[in-house]
Structures are given as structure tokens and as C-alpha cells.
Amino acid sequence: MTSADIFGSYVLDLQSIKKRLPKPTFHALKAAIEEGADLGNAHADTIAQAIMEWAMSKGVTHYTHWFQPMTGLSAQKHDSFLAFDSDLKPIDRFSGNQLIQSEPDASSFPSGGTRTTFEARGYTAWDPSSPAFIMHNGEVPVLCIPSVFFSYTGHALDQKTPLLRSMKKLNESASAALELLTGKKLTVIATMGWEQEYFLVDEKWFELRPDLIMAGRTLLGAPPAKGQQMEDHYFGAIKNRVLAFMEDLEGRLYKLGVPCKTRHNEVAPHQYEMAPIYLNANLAADNNQLVMEIMRKVAREHNLAVLIHEKPFAGVNGSGKHLNWSMEASDGNNLLEPGHSPQNNLLFLYFLVAVVKASHKRGNLLRATIASAGNDHRLGANEAPPAIMSVFLGSHITKILNTLESAESFSEETVANIDLGLAELPNIMVDRTDRNRTSPFAFTGNKFEFRACGSAQSISFPIAVLNAAVAESLDEMNAKLENLSSVDEKSVFELLRGFISESKGIRFEGNNYSQEWEEEAARRGLSNDKTTPEAYSAWKSEEAAKFVEKTGFLTPLELSAVYNVRMEHYAKQLEIEAALMLRMIDTYILPPAFTYQGEVAASISALKETLGESALAVKPQTENLERLSGTIASLLTERNTLEKLWLETKTLETEEEAFSFAQKVLPQMAKAREHADQLEVMVDASAWELPTYQELLFQM
Ligand code: ADP
Ligand code: MG
């Protein structure tokens, strides 16, 4: 069977459900998806019945609302179709009510203060814009109903609700801009193509590393003799064992309608990437969540473990998730695609400037969406963009924006020149490598690429903030556009000029990894929040409150929940990492080091006894022992300091705790690690129980 044959066979998309529904019900469903119209009980029952029949034809007995709580993972709670009719006969039943709403016990999901535990009721509600699908957990298929998750008081408790609201808001603002500019009434969606990076390691090594199991990353481990310096992995031939995993994974994903397109080796040993064909951003976000979930399962079936963490190995490139984003109108036009006509180019420039303006105004909030304990190890480490937000546009567009900004007036000639320049752009962007790999947010010809997202993060929230920020910019620009007496090129250019000038501080074309940029960014007043707690502080700012009020993608209470949940999550994660590191030092590192120290000491005693105190061999061997015991002593000292800091930090209130972990505990973990890693390359390898970086990265 070809990819196309199996594609979507486990998804009940609009085309497939159409065949199973009476016409009026199908139209009601379409209206619910497109306009958020109420379905009504009768239609909901009919749709539920059709979904159940489809699922049962594939051997399904259970269903679940599938949702994305603020943990960043997906959640499910299975119910069977089993029910009893009025004669107490067992039947299969799936009602409209069950389809539309469910009430999982929500007391254990993070809510950041949006509900107290004693009124723990949380509800999931069907998101009809994302189709139902069947998930195979092993051999048992389960019907999944993509859902939003909210509290008893109606506040969003998930990642998806803000995304859906932001899509709606972006649609309103972008449609309004289109109507003002062209007179056409169209709807607009955000489009998204993510690129997911990950590592694979042999399961037999993974099982022996408590840090990989519990924290997703190695907390200890000396660098291997060979790292990634040979650059022999990137785009290299994919190992058969890995290829078998990828094929299996893609087969499963195709059935679920995930349009996997590209797969290749990444820079680090045993690091890989997959990317799909882009979709409506809401579907793309659901898909990415599914991919991360299914990857883990499929890897296990191949005796592999997948590492989605942003920095599983120190000193080796980490993993990110590039988010390719654009806006598409209902006539199929990509609004960030420069065209061949002056009319098209005007639209293009208008939307492009709106995105630049959005990243200028909300750069620190965008930065905050991708802050996490894992991503802190990666950002700015010469492998990923720094913690400073900036936009790369390429020399061609930069020139055009500079021309627009500095033109004395817009003569026929300036206007014509701008048009000519843009018509060539698609070819230029493809042909010339006018691409900057170091920028966190780069224009890549007909879309923007947000490159700072971490590999393990849910992409819903970063997209939601991006959508909302662009909508906010468009609103401001539209307000001026509305006041123009005529919408011609000259007057629109004149309007854009002000916005280009106001937002140019966010544009940077140079090397984002360089020290000069850090200094330059500071001069420009751009924020440079290096750690997660610093970045999260942006959620508490007055600007953040204004932003959510204007765009409505979060309520003020939800905004404070975003801050609380994330801060707490960060602190908990580091609390676990520090505890784990202490335990590993005590039970994995010190015991073989002590044993080996004893063996070396005994060997020197024997040497002295046999050859005499003054024998030539005694001195270097004694020095060697001193190095070994000195390293053990240093490790003990740093370990004790770490324990003290960890215990002190744990007692603090969440916010203070998070800052203390970032500023005190993490640096101390690095100090302790240094000595532990030195011991790894000193003691008897056969006594070392932890799989080494060589085994993890090269032996599969
Ligand atoms: P690269 O970034 O390596 O050059 P591509 O440009 O081919 O790779 O695309 C990377 C991702 O961008 C893919 O997932 C692709 O589907 C997605 N993409 C392409 N066009 C758009 C668009 N208009 N909107 C959103 N994503 C897009
Ligand atoms: Mg890319």
C-alpha cells in the first residue's frame, strides 16, 4: 500500500463524515466548525452515532476526550460504549452529550489558581474543528475526540483553548485588513509546519540511566572521545534500524492523518528530524502532540528510546522545534507570499510589516512562550538562537523596508521600484542563501520560521501568542487604514512607513550568536531573559495584561494561571533534577570511585612493600592516587553544597524557589558534575555501571 492509500484511514475528517450524515446534520456540523454555531441535541446525537459506527467498524470499544492540559502533554480517560437499554439489554451507545462534553476528575491537573481543589470539576468539550481519530494503544484501538479542557468556572485549563481563541482573533483582524485593502470578504487561518528534532538511544542503555528515565536528560556523563566534530551525521545515510523505526512511525502517523514529509539525520550523533506538510495551525498543533506521543511508543517497539528533551547530552547539540508560520486566506492565497502584481505586493508588505511590528511589541512574551528548564540549556549555546528576540528579513526585504522608511515622498518611480523588487523575491530567497540560521525569527521567502521553540514543548501556546500579537498589530494598522481617504499604493506605503520605523529595533541581519549582538541588543533596549523564571516574569507585566485584554485569547485569570503553572512546573522539574543528581552521585559515582581508590592504594602499598619506599614507580603512582582522591574529595564538597542549597531552596515560595533553582542550584549542579565526570574517566570502566556517552550516542 502506498502512503496515500493509508493516509487518514484512522481519521474521521469532514469528507468522510459527510458520507455518514444526513444533509441537514452535515450542514449543521459545518456551521459549528466554521462559525462556532450551536449544533443542537438532535444533530449531536446523529453525529455521535455516526462516529461510533465508524469507530466500531475499526474494532473500537472505548472512547476518550483527548485534551492537552497545561502539563504540555496530552491526556485521556477511556469510557466504553457499553450501556443498557430500557429492557436492561447490553448495547453500544455514544450520545450527543457524551460526544460534546465529558467530566474527567480534574483535581490533579495544574490550574494555577483558576480553581481550588475542593471544586475540582473540570470539563472537556469537543473541538469539532479537529477531527475524531482512532489511536492504537498497542493492539487496542481507542476513539479519540479532540477536546478543550476548562474549569467549573469556565476558565481554560489547557493549551488548546487559547490557540483556538487566537485563531479566531487573527481571522477577524486579518479578514478586516483584507477587506479594507481589497474589498473582498475572506476568512483567514494561521498555517503551521513544525520541524521536530529528537534523539534515539538503544533501550538497553536508556534503562540503565535513571536521569534519562526521570528527567529526560543526562545529569552526568563525561564527553566521549569523539563528539559531533566530524560532522559526519548530518544528512548522512540513515541506519537501517532507525529507518525501520521511522517507517513504522510514519505508517502510524499517516493513518492518523499526519502528513509526514521529510526525515533526516540531524547534526548530533543519533539525532533526527521529521517535518510534515503544513496545515491549519490548530490541526498542526494536535498533530505535533500526537507525534510526540506515538514516537515514544513506536520507539519502544523497536527497543529504542526516543529523547525529546531540549538538551539530553551536555556538549552535544540539543533539539528544537522550528515553527513555520504564515496566514492563508480562504481563496488559497498565502498572505506572506510576495506576488507579481502591485496589488499583491501591497498586501504582502502590509502583512509582513504587521508581523515585524508584532514581534517588536510582543517579543518578550514570545520569548516567554518558549522558556522552559530544558530550553534554557539550549538557547544561546551556539546551536540555537539566543534569548534575545529579533527578526531576520534578508537583505532584499530589508532594502525595500529601508526605502519605504526613508523615501521623501512616494513618487511613481519609488513605487514601481518596490514592486519590481518584490516580484523577484521568491526566486531570490530560494537561489541565494539569503538565510540566517542564527535568527530566532526569520522570514524564509513566504513564511516566518520561529526557531526558538524547544523540542519537547507544546506548540499551541507559542502559536497562540504569535497569532494574537499579529492580530493586535493588524488592529492598530487597520484603524489607520480605515481613516485613509483612498486605499492606493502611495497612501498605504505612507501608512506603513510609520510602523516600519517604529519597529525597526527588532530587525537584525547579523550573527545572533555573537557577543556584539548581545551588546547591540542591550543598546536597543531589547530584553535578554536568559533563564526561564526571568522570561516568565513577562507574564506578570502590565503590558501582558493589556495584550490579553485587547486580544482576548486569555482571560486575566488565565494569564495569571499561565504564570503560576509554568513557574511551578519549572521549580518542580529542577527540584527533581537536583534530588536525582545527589542520589546518582551517592549511589553510582562515589561507590566505584571509593572501590577503585582502595584498589589503587592497595596496589601502591604492595609496590612499596616489594620494591621499597624509594622505588621510582612509587612517586607517579602516588600522584595518580592523589589526583583520584582529590577529585573524590572535591566531588564530596560540591555535592554537600548542592544538597544544602537544594534543601534551602525547596522550602521557598514558588516564585523565589524558581529563581533560586535557576541562579544558585543549577550552577552548583554544574560544579558537582564536573568532578563526577572526571571520575568517570579515571576509574575502572568495568566497574562503571552508568552507560557512558559513547554507548548512548554511538552504540546502537
Ligand atoms: P526548510 O525550512 O528546511 O527550508 P521547508 O521550507 O521545506 O524547509 O519547510 C519547512 C516546513 O515549513 C515544512 O513543514 C513546510 O510544510 C512548512 N511550510 C511551508 N510553507 C508554509 C506556510 N505557508 N505556512 C506554514 N508552514 C509552511
Ligand atoms: Mg526550517
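The domain assignment divides the chain into domain 1 (3–157), domain 2 (165–554) and domain 3 (570–698), and the model in which these domains are seen is a predicted one. Between the C-alpha centres of domain 2 and domain 3 there is a distance of 40 Å, and the contact between these two domains draws on 22 residues from domain 2 and 26 residues from domain 3.

**The side of domain 2 that touches domain 3**
- Two elements, helix H8 (210–215) and helix H19 (532–536), are the ones that give two or more residues to this side of domain 2, and H8 gives the most, with four residues.
- Sorted by class, the residues on this side of domain 2 comprise 16 nonpolar, four polar and two charged ones.

**The chain as a whole**
- The chain holds 24 helices and 18 strands, and because its radius of gyration of 28 Å is close to the 27 Å that the globule rule gives for 700 residues, it is as compact as a globular protein of that length.
- Taken along the principal axes, the box filled by the C-alpha atoms is roughly 100 × 85 × 50 Å.
- Of the 700 residues, 47% count as buried, and among contacts with a separation of 6 or more, 75% are made by residues 24 or more positions apart.

**Strand S12 and its partners**
- Strand S12 (residues 271–276) has five of its six residues buried, so it is largely enclosed by the rest of the structure.
- With strand S10 (residues 188–202), S12 pairs in the antiparallel sense over four bridges, and Tyr198 has Tyr272 of S12 as its bridge partner.
- With strand S11 (residues 260–265), S12 also pairs in the antiparallel sense, here over five bridges, and Cys260 has Pro276 of S12 as its bridge partner.
- S11 and S12 together form a hairpin with five residues between them, and in the turn His270 has a positive phi of about 60°.

Key
Residues numbered from 1 in each chain as written. Chains lettered and ligands numbered in written order. Predicted model: local features only at pLDDT ≥ 70, side-chain atom pairs only at ≥ 80, totals over all residues. Buried ≥ 20, exposed ≤ 12 C-beta atoms within 10 Å, placed from the backbone. Pairing = 2+ DSSP bridges. Rg over C-alpha atoms; globule rule 2.2 N^0.38 Å. Contact = placed C-beta atoms within 7 Å. Domains from an automatic or database assignment. Nonpolar A, V, L, I, M, F, W, Y, C, P; charged D, E, K, R; others polar.
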